[in-house]
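Here are my notes for someone opening this entry for the first time. Have the viewer beside you and go through the points in order.

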Amino acid sequence: MSNEKDANDPPTEDPENADGSDSGSPDPTGNGEDAPDDGSSTPGDGTPAPDDRVVDESRVVDGSGADGYSAVDDAEVDDDDESGGGASSDENARSGEDTEVVDGTADDDDPDEVWDDGVVVDGDPNGVTAGHEETNGTTAKEVTESTDDGDIDDLGSSVEVEGAEIDEDPDEDDLLGGLNIDTTAELEIPDRLVDQVIGQEHARDVIIKAAKQRRHVMMIGSPGTGKSMLAKAMSELLPKEELQDVLVYHNPEDGNKPKVRTVPAGKGDQIVDAHREEARKRNQMRSLLMWIIIAVVLGYALIIVGQILVGIIAAGVVYLVFRYLNRGSDAMIPNLLVNNGDTKTAPFRDATGAHAGALLGDVRHDPFQSGGMETPSHDRVEAGAIHKANKGVLFVDEINTLDIRSQQHLMTAIQEGEFSITGQSERSSGAMVQTEPVPTDFVMIAAGNLDAMENMHPALRSRIKGYGYEVYMEDTIEDTPEMRRKYVRFIAQEVAKDGRLPEFTAEAVEEVILEAKRRSGRKGHLTLLFRNLGGLVRVAGDIARGEDAELTTREHVLSAKGRSRSIEQQLADDFIERRKDYELQVSDGYVVGRVNGLAVMGEDSGIMLPVMAEVAPSQGPGEVIATGQLKEMAQESVSNVSAIIKKFSDENISEMDIHIQFVQAGQQGVDGDSASITVATAVISALEDVGVDQSLAMTGSLSVRGDVLPVGGVTHKIEAAAKAGCTRVIIPQANEQDVMIEDEYEDMIEVIPVSHISEVLDIALEGEAEKDSLVSRLKSITGSALKEGSVSGPSSPSPQ
């Protein structure tokens with residue numbers, strides 16, 4: 001058992017060590033732990049102590065511990081481990097002597113003992129042993145070997161299949177990547193979470209290295225890419241033999257400064273039970289004495305004095321006195337702040353969105369602060385996530401949502417490895433209480449979207465980066481046969497995790513992988529937004545289960561696509577239907593100054609957004625006026641378009657106002673520059689009084705030189721145009737490889753890739769003679785009559 005004593009403890013003098021020599025006294029630096037036992041320490045008699053010694057520190061003075069800490073009387077704790085810690089403390093506790101037994105040798109030379117539980121902890125006198133190997137029967141060496149059982153390239157990189165084979169050279173069109181299976185039931189699911197991670201190879205590599213070296217990690221990326229899964233995977237990789245329980249004791253010298261003690265995991269419960277048993281026995285003795293005194297008082301009052309009322313009052317006073325004494329005895333029972341006795345792996349605590357008390361710990365308010373009715377301060381202490389995550393992982397998603405004060409305290413806990421608990425409410429009685437530092441030796445994983453870095457405390461980020469890694473989570477990954485096989489395993493993992501879904505057939509799996517290709521938005525890639533894709537798997541399985549089907553088929557997946565539409569998709573479809581009802585949607589004929597533009601709502605739905613332009617005489621300097629809740633990027637795109645218009649027009653537009661309206665843009669407004677060619681076409685049509693084909697829709701960004709640049713979401717935009725009744729759609733030539741529309745829309749609409757605004761006008765405007773004149777004039781002005789096969793614009797599309 002430990003002689004643990006913090007640096008904040010009141011100093012005690014050792015008359016036999018006045019010269020400052022060490023005879024087993026606590027480490028003067030203190031932090032709730034003694035100096036590590038390297039085997040060189042000696043007991044008070046100078047005899048070297050063996051490594052597996054048994055220590056009993058029971059000190060009983062008139063039924064209580066030496067410094068007010070209760071001694072465990074008649075307590076016997078059995079330990080089944082090899083250290084021999086199951087020895088009983090009965091005889092020493094009853095002896096009333098200050099006895100320390102080290103390997104059978106008594107030592108009475110240590111009056112500095114504070115912790116006095118009478119409980120032997122694995123034969124370790126320090127309470128916390130650096131090489132403690134008892135937890136879960138796993139040694140440090142075994143844990144290290146279990147986390148280093150293969151190179152990073154081998155972990156989770158293969159798909160094991162029972163009763164099936166993998167083709168060595170699979171066909172390019174084989175969506176299963178050469179995997180020959182009938183259902184997902186044939187696949188084996190890896191036991192460890194780190195082996196179940198798909199696609200994020202770099203992040204997985206970092207997590208394994210960080211677990212081995214206990215480094216902090218910050219993961220930035222889109223929601224649903226596996227950040228929380230990787231955090232949980234790290235908790236499985238961390239060593240398990242170092243786990244600790246944390247106890248909080250009453251401080252008799254200052255009740256508002258409870259003392260903190262750490263012991264190996266599983267011993268906290270034993271210590272608390274031993275104290276409770278001691279308190280119960282003591283209360284029994286006091287209760288027996290109380291009833292004897294009450295009987296004597298009542299007998300004396302009734303027989304000798306003859307005043308029964310006086311006797312009843314006196315008996316009541318005696319009863320209250322003894323009840324108060326019993327409360328004082330109960331106050332000596334420690335509070336088990338952190339209990340890792342049943343923890344099988346390193347702790348994992350998700351503190352996402354936690355308030356200050358839940359994150360940093362708190363002290364409950366006590367409305368009865370005096371009169372003997374108050375709750376002892378150590379019993380009101382509550383551990384925070386940072387304390388419960390000690391020796392484990394603390395995961396905080398959306399790290400930027402934590403208030404600055406909490407981020408500063410979190411920074412301190414990371415730096416110091418310990419953090420005192422105090423009341424988080426300044427007006428509460430708990431604010432007067434502050435414990436000794438509680439261990440916070442955790443590995444922190446902070447996560448968030450790209451905007452998380454903007455509001456994150458720079459010093460906190462510096463500490464994470466200085467003591468760990470920063471990782472960007474990819475949204476897509478290259479479509480290869482190996483990745484396709486892993487996607488098959490992903491579906492099997494989702495089915496196994498849910499536990500209520502029918503297994504998927506090979507055809508159903510192929511349909512899910514096709515959807516993963518579509519949702520990537522890039523040719524030759526698969527999406528890594530697995531949470532959304534998992535939602536499709538679960539909806540398809542629910543549909544199959546509702547039909548009492550034994551397997552989930554392709555038809556169930558197709559049905560799930562319709563039922564699992566996002567809110568944005570449902571709104572877009574509703575808008576299209578309402579516009580048809582009120583004849584706001586035009587899909588045939590030619591109209592001057594009106595163009596069918598295309599936009600994206602949310603992440604996976606498109607909508608047709610008409611743009612109208614009108615030219616009117618100006619009463620002052622001419623200007624371009626755009627309405628429709630345009631955001632910054634959209635306004636900049638209008639400015640770029642105006643540069644082309646100024647060069648293009650033969651008329652003096654400085655005396656004209658050009659009005660541009662985004663029809664029914666809604667409160668969400670227009671963000672992005674994908675409507676640039678739409679605006680340019682509408683304005684040129686209005687200036688030249690030439691009609692625009694209304695069966696045509698378009699999307700694309702535009703440079704000041706007239707080049708059509710790539711945009712995002714082209715697949716969803718094309719499908720939206722088809723739903724609206726358009727027969728043709730113009731897209732940037734650079735986006736041609738990204739088109740992956742559903743089969744049902746392929747025959748409904750023609751996709752026309754273009755690379756310059758002159759091509760857009762040639763396709764969209766009516767009238768051959770006028771159109772040819774406009775196109776040739778625009779080419780000569782912009783100086784961008786592009787050569788056949790040239791590619792314009794950046795390699796990556798814009799958001800819209």
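1. Ground rules. This is a predicted model, in which local features need pLDDT of at least 70 and side-chain atom pairs count only at pLDDT 80 or more, while totals for chains, interfaces and linings use all residues. Residues are numbered from 1 along each chain as its sequence is written, and side-chain values use heavy atoms, with hydrogens and water left out.

2. pLDDT is the predictor's confidence in each residue, from 0 to 100. The chain averages 75, and 68% of the residues score at least 70. Helices here are DSSP runs of H or I with at least four residues, strands are runs of E with at least two, and both are numbered from the N terminus.

3. Stretches to handle with care. Residues 1–116 stay under 50 in pLDDT, yet the model gives them 237 contacts beyond four places in sequence; a contact means heavy atoms within 4.5 Å. Residues 784–800 are also below 50, with 37 contacts beyond near neighbours in sequence. Where pLDDT is low, the predicted coordinates should not be read in detail.

4. The chain as a whole. There are 23 helices and 30 strands. Of the 800 residues, 50% are buried, where buried means under 20% relative accessible area, exposed over 50%, and partly exposed in between (1.4 Å probe, protein chains only). The accessible surface comes to about 37100 Å², and 47% of that belongs to carbon and sulfur atoms; such areas come from the Shrake-Rupley method with a 1.4 Å probe, and for residues only the protein chains shown count as cover. Among contacts between residues at least 6 apart in sequence, 75% join residues at least 24 apart.

5. The parallel sheet. Which strands make up the open parallel sheet, and in what order? Five do, running β8-β11-β14-β4-β15; two strands count as paired if DSSP finds at least two bridges between them. β8 (348–350) and β15 (468–472) each have a single partner strand, so one side of each is left without a neighbour in the sheet. Ignoring direction, neighbouring strands are turned by 15° against each other on average.

6. Strand β14 in that sheet. All six residues of β14 (residues 443–448) are buried. V443, I445 and A447 are on one side, with M444, A446 and G448 on the other. β14 runs parallel to β4 (residues 216–220), with four bridges joining them, and M219 is the bridge partner of A447. Four bridges also join β14 to β11 (residues 393–396), again in parallel, and there V396 is partnered with A446.

7. From β4 to the helices. β4 and β15 run parallel and are joined by five bridges, with V217 partnered by Y469 in β15. Helix α4 packs on this sheet, touching β4, β14 and β15, and its direction makes about 165° with that of β15. Axes are lines fitted to C-alpha atoms, for helices over the stretch in contact, and angles run from 0 to 180 degrees between N-to-C directions. α4 (residues 201–213) also meets α5 (residues 227–237): their axes come within 9 Å and cross at roughly 35°. On the α4 side the meeting residues include A203, I207 and A211, and on the α5 side they include L230 and M234.

8. The mixed sheet. Seven strands form a second open sheet with mixed pairing, in the order β23-β24-β22-β21-β26-β29-β30. Its edge strands, β23 (624–627) and β30 (750–754), pair on one side only. The twist averages 30° from one strand to the next. Within the sheet, β22 (residues 605–617) and β24 (residues 656–662) pair in the antiparallel sense over seven bridges, and M612 has Q661 in β24 as its bridge partner. Helix α19 (residues 676–688) lies across β21, β22, β24, β26 and β29, running at about 30° to β22.

9. One residue to look up. P264 sits in strand β6 (residues 259–264). P264 counts as buried because its relative accessibility is 4%. The C-alpha atoms of P264 and G341 are separated by 8.7 Å, although these residues are 77 apart along the chain.
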